[in-house]
Amino acid sequence: MVSRVRVWLNRTYAENVFFMDQLRRNPSDRAVEIHATHGDLDSPVLAAADTAELEPEGLSPSAYVEYALIQCRRRGIDVFVPRLHQAAIVAHRAEFQAVGTALLAPPPEAVAVFQDKVIAYEAVQAIGVPVPPWWRVRGADELIAAVDELEGLGHRACLKPASGAGGVGFRMITRAPFSLTQLSGYPSPCVPLGLVLDAMRRAEEPVDWLVMPRLEQPEVSVDCLTGPDNRVRLAVGRTKNGRRRGFTLHEQWLEPARRIAEGFGLHHLSNIQFRMLGERPVLMDVNTRPAGGLHQLSLCGVNAPWAAVRLALGDDPGEIVPPFLGQDYSVVSGPRPLLPVTLPQQRAEVPAPRSALGAVPAPAAPAGPRTTTGARS
C-alpha cells in the first residue's frame, strides 16, 4: 500500500488553494495531506488545509528555520514548499533532509541570484537573454537622471524595488502635477515625479530602486519544472493581454526561459516573466517559487504541482508536454471558506430599569480566543 504524502506550504498566496486542490486530485490517485501555516488567520489556505497553524510573528530568518524544522519533525512533512524566508531555508537543505523532508525549492546559489533584480539582470544578460535598460537609483539626483534619459529615448519611466516579489512597489512616473484627476476614478499606479522627489529628500533612509521603461503587453509568464540535473521537464507560457489570458509554446518565450532555468539551476518550480520592449521580448522578472497562477495549466491537461512533488520525492515524471492548449480565458474571483472564529458575546437588548436611566451601560463581555488551528478529515 502506497503511503500518503504530507506537504507543507508556509505563508503562501491565497490563490494557492488551487495548488492544494490539484495535489489532492493527482493523477497517481495517491493520498495527500496538506499542512498550512500563515500569519493571517483569515487566509483561505488555512481553511483549505488538513491541518493549519498560525505562524509566530517577528522571527528572524535563522529563528524561522528552527521553527520550520520543528514543524517538519512534528508534522511528518515529506515535502516543504517554502515561500517566506526561502533563502534561509534552502541554505539548510541538509538539515531538512535529515528529518525526512524534501524542499521543493532551488539551491541557495540560484535563489541568491534572483533576490536582487540588478544582480539578476546582469547575470541573465551575460548568458544572452535580453533585458530592458535599467538604472539602479538610491538618491534624488540619480532618479532625475534616469527619468530624463528614459524619456529622452521615448520611454515612460517606471520604478520598483530592487528586491521584492510580485508587483509590490511598482509605480509609473509622470511629469503631471498632482491634481483632482488623480482622485477621480480608480487608484492609479502613476505618481508625479515631484512628489517622489519630495518624499526621497524627506526620507531618513536611502531608497533602493530599479528605474526602467514601461514594458508593453503581452506579458508571458513561463512556468518551468526543472530537475536537479538542471534539465527542464516542463515549460509552458501563460499569456496576459488585458483581461484575456491564454497559453503559448512559442520558442521566443520558452527558449530564453529554459536557458535561465537550466543555466542557473532553478530546480523544481519557477516562473519566468517576459514583456515586450518595442518588437522584442525582454525579461521582466524571475520567481524562484511556484507562481500563484500555476494551477491555470490544468486547462492544458497538466497537473504541475503534483509533477513537482513527485520530482521532489525522487520520482522523476520525465518530460511533460501539454496534450493540448486550453482556450483563452479570464480570471474571476470566487468565494472560499475561512476558519471559524469566536465572535464577541452579544447581550440581548432588554429595557433598563427606570432607576438606571441615564447610567452608562456595562461593557460587553470580552471576545473569546480566536481559533489558531484547524483540521479537515
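Q: Leaving aside neighbours within four places in sequence, what is glycine 293 in contact with?
A: In this predicted model, glycine 293 touches Glu15 and Arg238, once its neighbours within four places in sequence are left aside.

Q: And where does glycine 293 lie, and is it buried or exposed?
A: Glycine 293 lies in the loop between strand E15 (280-287) and helix H11 (304-312), and with a relative accessible area of 8% it is buried, because the cut-off for that class is under 20%.

Q: How far is glycine 293 from asparagine 271?
A: The two are 22 residues apart in sequence, and their C-alpha atoms are 9.8 Å apart in space.

Q: Changing topic: what is the strand order in the open sheet of five strands?
A: The order is E6-E10-E7-E8-E9, and the pairing is mixed. From one strand to the next, the twist averages 35°.

Q: In what sense do E8 and E9 pair?
A: E8 and E9 pair in the parallel sense, over three bridges, and methionine 172 has cysteine 190 in E9 as its bridge partner.

Q: Which strands do helices H8 and H9 lie across?
A: Helix H8 (residues 140-152) lies across E6, strand E7 (157-161), E8 and strand E10 (209-213), and runs at about 155° to E6. Helix H9 (residues 193-202) lies across E6, E7, E8, E9 and E10, and its direction is at about 70° to E9.

Q: What about the loop between E8 and E9, where is phenylalanine 178?
A: Phenylalanine 178 is found in that loop, between strand E8 (171-174) and strand E9 (190-192). Its relative accessible area is 46%, so it counts as partly exposed. Together with Leu180, Leu183 and Leu195, Phe178 forms a nonpolar patch on the surface, and the four have about 450 Å² of accessible area together.

Q: And on the other topic of loops, where is leucine 215, and what does it touch?
A: Leucine 215 is found in the loop between E10 and strand E11 (216-226), and it is buried, with a relative accessible area of 6%. Not counting residues up to four places away in sequence, leucine 215 touches Pro132, Arg275, Met276, Leu277, Val282 and Met284. For leucine 277, the separation from leucine 215 is 62 residues in sequence and 5.6 Å in space, C-alpha to C-alpha.

Q: Last one, on the protein chain: how many helices and strands, and what share of residues is buried?
A: The secondary structure comes to 11 helices and 16 strands, and of the 377 residues of the protein chain, 46% count as buried. The protein chain exposes about 19100 Å², with carbon and sulfur atoms supplying 54% of that area. Among contacts between residues at least 6 apart in sequence, 65% join residues at least 24 apart.

How values were computed
Residues are numbered from 1 along each chain as its sequence is written. This is a predicted model: local features need pLDDT of at least 70, side-chain atom pairs count only at pLDDT 80 or more; totals for chains, interfaces and linings use all residues. Side-chain values use heavy atoms; hydrogens and water are left out. Patches are made of residues with over 30% relative accessible area and no salt bridge: like charges are joined within 9 Å, nonpolar side chains (Val, Leu, Ile, Met, Phe, Trp, Tyr) within 5 Å. Accessible areas come from the Shrake-Rupley method with a 1.4 Å probe; for residues, only the protein chains shown count as cover. A salt bridge is a side-chain nitrogen of Lys or Arg within 4 Å of a carboxyl oxygen of Asp or Glu. Helices (H or I, at least four residues) and strands (E, at least two) are DSSP runs, numbered from the N terminus. Buried means under 20% relative accessible area, exposed over 50%, partly exposed in between (1.4 Å probe, protein chains only). Two strands pair if DSSP finds at least two bridges between them. Axes are lines fitted to C-alpha atoms, for helices over the stretch in contact, and angles run from 0 to 180 degrees between N-to-C directions. Contact means heavy atoms within 4.5 Å.
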